[in-house]
Amino acid sequence: MAIQLELYRSAPRYLAERALSGRVPGVVTSPVAPLRLATAKDPNVPGPGWAPVKPLLSGICGSDLGTISGKASFYFSALVSLPFVLGHEIVGELQEDCDDLPAGARVVIEPVLSCLARGEDPPCPNCAVGHRGRCDRVTVGHVSAGLQTGYCKDTGGGWSRSLVAHRSQLHAVPDELPDESAVLIEPLACAIHTALRARVQPNDDVLVVGAGTVGALVTYALRELTPAGRIIVVAKYAKQRELAARMGASEVIGPKEATNAVRRSSHTMKLTPERGAAFLLGGVDVAIECAGSAGGLDTALRTTKAGGRVVLSAIPATGVDLTPVWFRELEVLGAYTGGVETIEGEQRGTFDLALDLAQRAPLEGVVGARYPLRRWREAIDHALAAGKLGTSKVVFEPNA
């Protein structure tokens with residue numbers, strides 16, 4: 001039997017959560033929330049190529065918090081199956097042999113449940129060329145709908161003592177990489193994909209908005225894997241500013257200083273409309289929004305030069321004025337997860353790149369708090385206030 005933290009279907013609770021979260025402290029972990037610690041049978045292995053995994057550490061991601069607080073878009077409702085166990089940032093221990101991986105191996109999970117995992121043959125056009133994050137068949141096959149592990153009722157997720165994963169999702173962890181670094185492989189892979197999707201040209205000025213875990217890792221990926229020149233990072237809290245500097249930021253500024261800082265560095269004109277925030281006629285070549293907030297995206301759009309590129313690394317917020325996209329002819333790109341990347345003409349898996357990069361990245365201290373599942377309320381409350389409390393990443397230790 002597995003102890004698991006699961007999100008279940010309850011329209012009244014979900015709507016109450018959506019209405020009250022952000023306004024009533026503690027409501028996300030209150031009895032109002034459609035979230036419960038349950039005891040259930042271990043997930044069944046769906047078929048050949050699948051194996052059970054015991055999570056050692058599993059991260060609490062911003063998208064997880066958006067889901068349980070009712071802030072996630074209803075767009076996702078057609079891409080999941082309830083009840084599901086959250087948790088897609090996972091380092092675990094393989095419980096049975098799985099093809100060439102032996103039982104007992106430490107693994108990280110590439111969470112997308114693509115054609116390979118679902119037994120879809122031939123695969124969709126995206127999966128056929130390695131872009132599994134763009135899979136067109138995440139609702140069919142021999143497991144239930146679920147864009148990722150952590151959003152599918154059949155596979156379980158990282159916030160549990162047991163889950164199942166397909167061989168296509170599993171990557172062996174080098175012995176020298178500690179669990180605290182390995183649990184960051186999934187967000188690091190997302191950061192690498194984001195940095196490379198941005199198509200940064202030599203000496204481009206780049207603005208990174210948000211310096212939580214993903215923003216900090218995007219900064220590191222930009223510095224290590226692209227020819228970026230100046231990298232300006234917008235960070236709200238002191239510890240975030242320290243981490244961004246450690247990851248290679250050229251300058252770290254507060255949210256209220258962002259427009260003026262970009263104006264100074266790019267020597268451009270600032271205009272202030274009758275209503276709304278100031279904007280620049282000029283600005284950075286590329287802006288990457290990592291905060292998932294309306295204010296963050298607004299800053300990115302208003303500080304990017306005409307013809308520049310804005311990359312959405314976080315789930316986008318609603319209520320943003322898109323006039324700069326039209327008027328300045330901005331290119332807006334999404335960066336969801338990963339698959340394969342092209343570096344210097346060579347194709348490599350995003351997770352393979354992340355495993356290599358993690359071995360030299362300054363990841364010490366990024367995981368700032370660990371909780372057993374029974375303390376899930378404290379863990380989620382901590383994650384919701386992580387920046388304010390000086391913590392980057394909060395994780396569960398499900399089998400503690």
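Visitor: How many bridges join strand β1 to β2?

Guide: This is a predicted model, in which local features need pLDDT of at least 70, side-chain atom pairs count only at pLDDT 80 or more, and totals for chains, interfaces and linings use all residues. Residues are numbered from 1 along each chain as its sequence is written, and side-chain values use heavy atoms, with hydrogens and water left out. Strands (E, at least two residues) and helices (H or I, at least four) are DSSP runs numbered from the N terminus, and two strands pair if DSSP finds at least two bridges between them. Here six bridges join β1, residues 2-7, to β2, and the two run antiparallel. Within this pair, Ile 3 stands opposite Thr 39 of β2.

Visitor: In what order do the six strands of the open sheet with parallel pairing stand?

Guide: The order is β11-β10-β9-β14-β15-β16. β11 (251-253) and β16 (331-334) each have a single partner strand, so one side of each lacks a neighbour in the sheet.

Visitor: Is Asp 204 buried or exposed?

Guide: Buried means under 20% relative accessible area, exposed over 50%, and partly exposed in between (1.4 Å probe, protein chains only). A salt bridge places a side-chain nitrogen of Lys or Arg within 4 Å of a carboxyl oxygen of Asp or Glu. Lys and Arg count as positive, Asp and Glu as negative, while His and the chain ends are not counted. Asp 204 is buried without a salt bridge, and the nearest side chain of opposite charge, Arg 309, is 5.4 Å away. Asp 204 belongs to the loop between α6 (185-197) and β9 (206-209).
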